[in-house]
Amino acid sequence: MTDASYQKCINPNCGAEFDCGQAMFKCPSCGELLDIRYNWDEIYVPSKMSEFAKRWATRDNPLDFSGVWRFRELLNYCEDENKVTIGEGQTILQQNDAVAEYVDMETGCLFLQYEGLNPSGSFKDNGMTAAFSHAKMVGATSSACASTGNTSASVALYAHSCGIKCTVFIGSGRIAFGKLSQAMDYGAQTIQILGDFDDCMRQVQDVCTKLGLYLLNSLNPFRLEGQKAIMYRIIEGLGWEVPDWIIVPGGNLGNSSAFGKAFSELKQLGLIDHVPRMAIINATGADTLTDLVNNKKLTWNDGHVDQAIIDNYYADLTARNFSPHTCASAIEISRPVNLKKCLRAIDICDGVVRAVTDEEILDAKALIGKHGLGCEPASAATIAGLKHLRAEGLIDADQRVACVLTGHALKDPDRTVNYHKDKQGKLSNPPIEASNDLDEILKLIK
Ligand SMILES: *Cc1c(COP(=O)(O)O)cnc(C)c1O
Ligand SMILES: [Zn+2]
């Protein structure tokens, strides 16, 4: 634990503070989310972002190699000896002009941040390296999470790299096959609950409280500290410049919350001169954030969020027995746990929220596959959302946009195969059947 960090409740009427040596995940006084805060005056922070580039020269040190910990001054809550790393964050920011053309943007303006290149194949590893470091710091021996899939894959991988036991809860039938295969292969105790993600989330919180397990959902504020590094790497990829827009899929809203916090801190530290705008993209079948922000006009309001709007909304979901449905299983969530922090991020980044259909998501996914390195459905919501925002004229063709591609193409092979084989969309590329005959095969090849 470092002296310069502490946990603080985000509720301005409470504001309770705790040291970082405790694992609580929700304010014990009022039940709100907790933030990690720093006394920046007591921390050495480089005077320019570009100073971090020096760490490339010393990357034989695993902490300097890590795409999270080489920015460690910006998430300074833990001594080096407790830090857990398996080489996360070796991701790339790819300028993609072919995809830019599809969304009617100028050459050189669209960038794809490939978080699928992480060890477990999703951005979640950025958060797990941070959270497991905290888990080690507090001496945890057992951990748990609820998951739409990628959290469980990442938890399982990190848990075993640092000798902590793990149990993962998944909604039965709601998980993409690539992800389920990882949880089992990495040796997690996997519990399939007859229900959706929101049901798993409720159960895991009670299980953690009753059994004293370390919780690894994005309720965990230390996870979000690690996810800030995705933004540091985008800035790095742009030669230490800030883009005009960040676009991110919205599920449990941990990423969007972390990104807003990252930019607010960088601005406060004078490391960037402006904060980019942010667009958060839901799927239409799981669009709680879109509905609450665009229709119910829910805002951060300096921390005084109108709780009645949220309570009424969730009561209605319960009354209707609503369960979210989208092909993008990673964002199939109707009660996002980081909702309030996300509202704060929208406030910081002058953010907007949109929802896109499954059809738009799958076409965008095929496009990213054809012209980029591929991604899973939830990640492709960013490009589908960007297309909307270009059509509305909210984003200009010559602005610089970075889309966060959150997960790897191989995570959800079923969706990909069905899209192509069953000709489900504009970019379907089905296999051609041929008899085992050379002349016929020769005729088929174009
Ligand atoms: C977890 C996940 C998301 C959702 O991110 P949140 O931070 O929960 O909003 C999106 N895409 C992929 C691939 C994920 O694994
Ligand atoms: Zn509180």
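A polar contact is a pair of N or O atoms within 3.5 Å; within protein, one must be able to donate a hydrogen and the other to accept it, and residues adjacent in sequence count only if both atoms are side-chain atoms. With that in hand, welcome to the structure. It is a predicted model, in which local features need pLDDT of at least 70 and side-chain atom pairs count only at pLDDT 80 or more, while totals for chains, interfaces and linings use all residues. Residues are numbered from 1 along each chain as its sequence is written, chains are lettered from A and ligands numbered from 1 in the order in which they are written, and side-chain values use heavy atoms, with hydrogens and water left out.

**Ligand 1**

Let us start with the surroundings of ligand 1. A residue is near a molecule if one of its heavy atoms lies within 4 Å of it. Ligand 1 is surrounded by 16 residues, and the closest are Lys124, Asn150, Gly251, Asn252 and Thr406.

| Residue | Part of the residue | Distance to an oxygen atom of ligand 1 |
|---|---|---|
| Asn150 | N or O atom in the side chain | 2.7 Å |
| Gly251 | polar backbone atom | 2.8 Å |
| Gly254 | polar backbone atom | 3.1 Å |

On its own, ligand 1 has 380 Å² of accessible area, and the protein covers 98% of it. Such areas come from the Shrake-Rupley method with a 1.4 Å probe.

**The zinc site**

Which residues hold the zinc ion (ligand 2)? Cys9, Cys14, Cys27 and Cys30 coordinate the ion through their SG atoms at 2.3 Å. Donors here are N, O and S atoms within 2.8 Å of the metal (3.2 Å for Na, K and Ca); water is not among the atoms, so sites may look incomplete. Angles of 95 to 116° among the four donor atoms make the zinc site tetrahedral, a label given to four donors if all angles lie between 85 and 135 degrees. Along the sequence, the donor residues follow the spacing C-x4-C-x12-C-x2-C. Cys9 lies in strand 1 (residues 5-9) and Cys27 in the loop between strand 2 (17-18) and strand 3 (34-38), so this pair ties together parts that are 18 residues apart in sequence. Helices (H or I, at least four residues) and strands (E, at least two) are DSSP runs, numbered from the N terminus.

Cys9 and Cys27 are both buried, a word that stands for under 20% relative accessible area, whereas exposed stands for over 50% and partly exposed for values in between (1.4 Å probe, protein chains only). Lys8, also in strand 1, counts as buried at 18% relative accessibility. The Lys8 side chain reaches the backbone oxygen of Gly15 at 3.3 Å.

**Aromatic pairs**

Rings of Phe, Tyr and Trp (its six-membered ring) pair if their centres lie within 6.5 Å; planes under 30 degrees apart count as stacked, over 60 as edge-to-face and the rest as tilted. This rule gives eight aromatic pairs. Phe132 and Tyr158 form a stacked pair, 6.3 Å centre to centre with 15° between the planes. Phe132 belongs to helix 3 (residues 124-137) and Tyr158 to helix 4 (residues 150-161), so the pair links parts 26 residues apart in sequence. Phe132 is buried at a relative accessible area of 0%, and Tyr158 is buried at 0% relative accessibility. Elsewhere, ring pairs join Phe52, Phe71 and Tyr232 into a cluster.

How values were computed:
Four donors count as tetrahedral if all angles lie between 85 and 135 degrees; four count as square planar and six as octahedral if opposite donors are over 155 degrees apart and all others between 65 and 115; anything else is irregular.
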